[in-house]
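Look over the sequence and the model first.

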Amino acid sequence: MTIQFKALPTEDVRALQRGGPDAYGLTPERKMSDGDGVPCRHCLNNVAAGDAYLILAYRPFPELQPYAETGPIFLHAEECERAAEAEALPEMLESTDYIVRGYGKDDRIVYGSGGVIPTGAIAARAETLFERDDIAYVHVRSARNNCYQCRIERA
(Lines give C-alpha, C1' and ligand atoms only; values in the text may rest on other atoms or scores of the structure.)
Protein backbone atom coordinates (compact mmCIF):
# COMPACT_ATOMS: atom_id res chain seq x y z
CA MET A 1 0.00 0.00 0.00
CA THR A 2 1.15 3.53 -0.69
CA ILE A 3 0.54 6.43 1.68
CA GLN A 4 0.79 10.20 1.37
CA PHE A 5 1.83 12.72 3.98
CA LYS A 6 -0.34 15.82 3.57
CA ALA A 7 0.31 19.39 4.66
CA LEU A 8 -2.36 21.92 5.58
CA PRO A 9 -4.39 23.25 2.64
CA THR A 10 -2.94 26.41 1.10
CA GLU A 11 -6.23 28.34 1.17
CA ASP A 12 -6.51 27.83 4.96
CA VAL A 13 -2.88 28.82 5.51
CA ARG A 14 -3.07 31.97 3.34
CA ALA A 15 -6.08 33.19 5.34
CA LEU A 16 -4.09 32.78 8.56
CA GLN A 17 -0.96 34.41 7.09
CA ARG A 18 -3.14 37.41 6.15
CA GLY A 19 -4.29 37.81 9.75
CA GLY A 20 -7.46 35.72 9.63
CA PRO A 21 -8.71 34.20 12.88
CA ASP A 22 -7.50 30.88 14.22
CA ALA A 23 -9.71 28.11 15.66
CA TYR A 24 -10.39 30.25 18.73
CA GLY A 25 -11.22 33.37 16.74
CA LEU A 26 -7.91 35.03 17.62
CA THR A 27 -5.35 36.66 15.36
CA PRO A 28 -2.26 34.43 15.08
CA GLU A 29 0.73 35.58 17.15
CA ARG A 30 3.86 36.59 15.22
CA LYS A 31 7.32 35.55 16.48
CA MET A 32 10.89 35.28 15.16
CA SER A 33 12.41 31.82 14.86
CA ASP A 34 15.66 30.89 16.54
CA GLY A 35 15.84 27.99 14.04
CA ASP A 36 15.12 25.29 16.60
CA GLY A 37 11.89 23.31 16.76
CA VAL A 38 9.54 25.50 14.71
CA PRO A 39 7.95 23.17 12.13
CA CYS A 40 5.68 24.81 9.55
CA ARG A 41 2.62 22.66 8.90
CA HIS A 42 2.27 24.00 5.33
CA CYS A 43 5.70 23.47 3.74
CA LEU A 44 6.57 20.73 6.28
CA ASN A 45 9.99 22.28 6.86
CA ASN A 46 11.38 24.04 9.90
CA VAL A 47 11.20 27.82 9.99
CA ALA A 48 14.78 29.08 9.61
CA ALA A 49 16.50 31.22 12.22
CA GLY A 50 15.60 34.87 11.77
CA ASP A 51 12.40 34.15 9.82
CA ALA A 52 9.01 35.18 11.17
CA TYR A 53 6.45 32.55 12.07
CA LEU A 54 2.91 32.37 13.41
CA ILE A 55 1.62 30.57 16.49
CA LEU A 56 -2.07 29.79 16.38
CA ALA A 57 -4.78 27.40 17.48
CA TYR A 58 -5.67 24.87 14.79
CA ARG A 59 -8.41 22.25 14.61
CA PRO A 60 -7.84 19.79 11.73
CA PHE A 61 -11.46 18.67 11.64
CA PRO A 62 -14.40 19.93 9.56
CA GLU A 63 -16.74 20.61 12.48
CA LEU A 64 -16.92 20.74 16.26
CA GLN A 65 -17.50 17.45 18.06
CA PRO A 66 -16.02 15.83 21.17
CA TYR A 67 -13.02 14.36 19.31
CA ALA A 68 -12.15 17.51 17.35
CA GLU A 69 -8.88 18.30 19.09
CA THR A 70 -7.63 21.87 18.89
CA GLY A 71 -4.05 22.82 19.65
CA PRO A 72 -1.13 25.08 18.85
CA ILE A 73 0.76 24.90 15.57
CA PHE A 74 3.39 26.97 13.75
CA LEU A 75 3.31 28.37 10.22
CA HIS A 76 5.70 30.57 8.27
CA ALA A 77 4.45 34.14 8.65
CA GLU A 78 5.21 34.78 4.98
CA GLU A 79 3.89 32.69 2.14
CA CYS A 80 5.64 29.37 1.64
CA GLU A 81 5.12 26.61 -0.89
CA ARG A 82 2.84 23.79 0.25
CA ALA A 83 4.71 20.50 0.59
CA ALA A 84 3.91 18.08 -2.18
CA GLU A 85 1.92 15.04 -1.12
CA ALA A 86 4.57 12.37 -0.79
CA GLU A 87 5.24 8.94 0.61
CA ALA A 88 8.48 10.18 2.18
CA LEU A 89 8.57 11.27 5.80
CA PRO A 90 8.45 15.10 6.04
CA GLU A 91 11.76 16.78 6.89
CA MET A 92 10.25 18.57 9.89
CA LEU A 93 9.65 15.33 11.81
CA GLU A 94 12.88 15.45 13.79
CA SER A 95 11.78 14.15 17.17
CA THR A 96 12.55 10.57 18.20
CA ASP A 97 8.89 9.56 18.23
CA TYR A 98 5.35 10.78 17.53
CA ILE A 99 1.77 9.84 18.29
CA VAL A 100 0.27 8.12 15.25
CA ARG A 101 -3.50 7.75 15.49
CA GLY A 102 -6.29 6.66 13.17
CA TYR A 103 -9.60 8.44 12.60
CA GLY A 104 -12.80 7.15 11.04
CA LYS A 105 -14.93 8.65 8.27
CA ASP A 106 -16.88 10.40 11.04
CA ASP A 107 -13.66 12.28 12.04
CA ARG A 108 -13.53 10.57 15.42
CA ILE A 109 -10.65 8.69 17.00
CA VAL A 110 -10.70 4.97 16.27
CA TYR A 111 -9.96 3.49 19.66
CA GLY A 112 -7.00 1.15 19.80
CA SER A 113 -5.33 2.78 16.78
CA GLY A 114 -3.10 5.26 18.59
CA GLY A 115 0.40 4.80 19.84
CA VAL A 116 3.75 6.49 20.34
CA ILE A 117 5.77 5.35 17.36
CA PRO A 118 9.51 5.81 16.60
CA THR A 119 9.87 8.36 13.80
CA GLY A 120 11.42 5.90 11.38
CA ALA A 121 8.45 3.55 11.80
CA ILE A 122 5.67 6.10 11.17
CA ALA A 123 5.07 5.12 7.52
CA ALA A 124 4.96 1.41 8.35
CA ARG A 125 2.55 2.05 11.23
CA ALA A 126 0.27 4.11 8.95
CA GLU A 127 0.28 1.34 6.34
CA THR A 128 -0.68 -1.17 9.04
CA LEU A 129 -3.53 1.07 10.22
CA PHE A 130 -4.81 1.43 6.66
CA GLU A 131 -5.27 -2.33 6.46
CA ARG A 132 -8.30 -1.70 8.67
CA ASP A 133 -11.54 -0.66 6.97
CA ASP A 134 -12.51 1.63 9.86
CA ILE A 135 -9.47 3.94 9.42
CA ALA A 136 -10.12 6.82 6.99
CA TYR A 137 -6.97 8.84 7.73
CA VAL A 138 -4.15 9.13 10.25
CA HIS A 139 -2.75 12.05 12.23
CA VAL A 140 0.87 12.46 13.24
CA ARG A 141 1.05 14.41 16.51
CA SER A 142 3.76 15.42 18.93
CA ALA A 143 4.37 12.68 21.51
CA ARG A 144 5.25 15.32 24.10
CA ASN A 145 2.61 18.02 23.52
CA ASN A 146 0.00 16.36 21.25
CA CYS A 147 0.41 19.17 18.66
CA TYR A 148 -0.88 18.29 15.19
CA GLN A 149 1.98 17.74 12.71
CA CYS A 150 0.43 16.40 9.50
CA ARG A 151 -2.11 14.02 8.05
CA ILE A 152 -1.51 10.71 6.30
CA GLU A 153 -3.93 9.30 3.74
CA ARG A 154 -4.02 6.35 1.41
CA ALA A 155 -2.49 7.29 -1.94
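Asp107 is buried, at 17% relative accessibility. Here buried means under 20% relative accessible area, exposed over 50%, and partly exposed in between (1.4 Å probe, protein chains only). Asp107 sits in the loop between β5 and β6 (115-118). Strands are DSSP runs of E, at least two residues, and helices are runs of H or I, at least four, numbered from the N terminus. Asp107 is not a glycine, yet its phi is positive, at about 65°.

Leu44 also needs a look. Its phi is near 60°, a positive value in a residue other than glycine. Leu44 belongs to the loop between β2 and β3. With 4% relative accessibility, Leu44 is buried.

## Basis of the values

This is a predicted model, in which local features need pLDDT of at least 70 and side-chain atom pairs count only at pLDDT 80 or more, while totals for chains, interfaces and linings use all residues. Residues are numbered from 1 along each chain as its sequence is written, and side-chain values use heavy atoms, leaving out hydrogens and water.

## Salt bridges

Side chains of opposite charge can pair when their charged atoms come close. The whole structure holds 11 salt bridges, each a side-chain nitrogen of Lys or Arg within 4 Å of a carboxyl oxygen of Asp or Glu. One of them joins Glu69 and Arg101, at 2.8 Å from N to O. Glu69 lies in the loop between β3 and β4 and Arg101 in strand β5, so this pair ties together parts that are 32 residues apart in sequence. Glu69 is buried at 17% relative accessibility, and Arg101 is buried at 13%.

Arg82 and Glu85 form a salt bridge at 3.6 Å, N to O. Arg82 is partly exposed, at 25%. Glu85 is partly exposed too, at 35%. Arg132 pairs with Asp134, with the closest N and O atoms 2.9 Å apart.

Asn46 is in the loop between β2 (29-32) and β3 (52-58). At 18% relative accessibility, Asn46 is buried.
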